[in-house]
Amino acid sequence: MAAELGTRIETLPWSEGGDTVTLVRLLRSRNDRWNNALAENKIYKIVVQNEICHQVTIIPDGAEVAILPPVTGG
């Protein structure tokens, strides 16, 4: 996903706060690459403060957030 989006680590202003849905909307609005990578039909997980989010989660200011692509294994 990092290669597809051209970034690995970035800091976003988040002083107004929000949740994981707000973050995904913000990222999708950047451009077509982000919109396609985080489209409704794509599989990915959002991690906030090292915890995988299984539902909408509040993201506190200063939190570390990651977006994990699907992985395969055996």
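Reply: Let us start with a definition: two strands count as paired if DSSP finds at least two bridges between them. In general, strands of a sheet pair through backbone hydrogen bonds, either parallel or antiparallel. The model before us is predicted. Here strand E2 (residues 45-48) and E3 pair in the antiparallel sense, over two bridges.

Me: Which residue of E3 is the bridge partner of Val47?

Reply: The partner of Val47 is Ile52 in E3.

Me: In what order do the strands of the open sheet lie?

Reply: Three strands form the sheet, in the order E3-E2-E5, with antiparallel pairing. Strands E3 (51-52) and E5 (65-68) are the edge strands, since each of them pairs on one side only.

Me: How many helices and strands does the chain have, and how do the elements run?

Reply: The chain comprises three helices and five strands. Read from the N terminus, the order is α-β-α-α-β-β-β-β.

Me: How does the radius of gyration of the chain agree with that of a compact globule?

Reply: One compares the value with the expectation for the chain length. A compact globule of 74 residues would have a radius of gyration near 11 Å, and the chain has 12 Å, which agrees. The C-alpha trace spans about 35 × 30 × 20 Å along its principal axes.

Me: What percentage of the residues is buried?

Reply: With buried meaning under 20% relative accessible area, such residues make up 24% of the 74 in the chain. The chain exposes about 5,600 Å², of which carbon and sulfur atoms supply 50%.

Definitions and conventions. Residues numbered from 1 in each chain as written. Predicted model: local features only at pLDDT ≥ 70, side-chain atom pairs only at ≥ 80, totals over all residues. Heavy atoms only, no water. Helix = DSSP H or I, 4+ residues; strand = E, 2+ residues; numbered from the N terminus. Rg over C-alpha atoms; globule rule 2.2 N^0.38 Å. Buried < 20%, exposed > 50% of the residue type's maximum accessible area, 1.4 Å probe, protein only. Areas by Shrake-Rupley, 256 points an atom, 1.4 Å probe, with all protein chains shown as cover.
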